[in-house]
Amino acid sequence: MEKVLCLDIGGSSIKSSLVDRNGKIYEENKMVIAEETYECFLETVRDIVDNLSEKPAGIAAALPGGYDIKNDEIFAPNLQILNGRHIKKDIEKVCSLKVTAENDANLATYGEYVFVEKKQIDNMVFCTLGTGFGGGLVLNGKLLQSNITLFEVGHMSINQSGRICGCGRKGCLDEYCSTSGLMEIYKSLGGKDNINPYKLGEKAKNNEDIAIKTFEEYGKLLAFVFGNLAALFCPEKIKFGGGLSELAEYYIKPLNDEFNKILFPAYKGRVKIEQAELKNQAGVLGAAALFFEL
Ligand SMILES: [Zn+2]
């Protein structure tokens, strides 16, 4: 069965794997980009292709940042080596293979949809909870795509005089629903240690009051955000993935309780909230699904 080479592209390394139409993953690898230049990035991609045990049907790239599909241009102001580059055209030239590219949160959305939900539902919102807050939307069975990456949920503001976001706006969800947002809640409740979310999870497991309250507040905040997204799209499911989704056991109850309270009345009982199933393979599988037009 033919396979596509999927690239999960970061600022300093590229994760790669071959994926077939059934979503089976082979030859997982990670290559460090030796020098922070675009030329070195392209060489790394060529090395990955040269080291494969078979010739792939093409390459599907998952990109950090926005992507203009029409003009093949990356918008990633924090990643100088990629910002403004025409990645599809350049990789096609270097590797002589067909290339597709899309924003990684969009691809994670599509991966979870195609390989987990497609047979059951038509509309799905997907959010990633991690160092940032991203997401994507499947509407009527299709991934929402345009000439620029849409559905920038992380940059919806919940406070016009709130914390300043990396994008320059104030009060963006990226600052509140992400790892740093969780830690801000912890601090605001009197938490003093400089700990990571997993340590906070351990504290919650040990019934430490402040950790339990932090996750409660976080769950309520997500409910508020998901309530707004539900009001726009009334998806059958809102799913969440990313690093913080692995701590869902500590906030899923307050999240669900609050969500069911504040959901737009006409939509009650129609929108389910669930943790994503595919974990960190969602993006790679979404890249393959889009390449094979599944
Ligand atoms: Zn922002």
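In what order do the 5 strands of the open sheet lie? Keep in mind as you look that this is a predicted model.

1. The strand order is 3-2-1-4-7, and the pairing in this open sheet of 5 strands is mixed. At its edges you will find strand 3 (25–32) and strand 7 (99–103). Each of them has a single partner strand, so one side of each is left without a neighbour in the sheet. From one strand to the next, the twist averages 20°.

2. For a parallel example, look at strand 4 (residues 59–63), which pairs with strand 7 over 5 bridges. Within strand 7, Val99 is the residue that stands opposite Ile59.

3. Next, find helix 3 (residues 104–117), which packs on the sheet. Helix 3 touches strand 1 (3–9), strand 4 and strand 7, and its direction makes about 100° with that of strand 7.

4. Leu263 sits in the loop between helix 7 (252–262) and strand 12 (272–275).

5. Which residues does Leu263 contact, leaving aside its neighbours within four places in sequence? They are Gly227, Ala230, Lys268 and Val271. Gly166 is 97 residues from Leu263 along the chain, and their C-alpha atoms are separated by 30 Å.

Definitions and conventions:
Residues numbered from 1 in each chain as written. Predicted model: local features only at pLDDT ≥ 70, side-chain atom pairs only at ≥ 80, totals over all residues. Helix = DSSP H or I, 4+ residues; strand = E, 2+ residues; numbered from the N terminus. Contact = placed C-beta atoms within 7 Å. Pairing = 2+ DSSP bridges. Axes fitted to C-alpha atoms, helices over the stretch in contact; angles between N-to-C directions.
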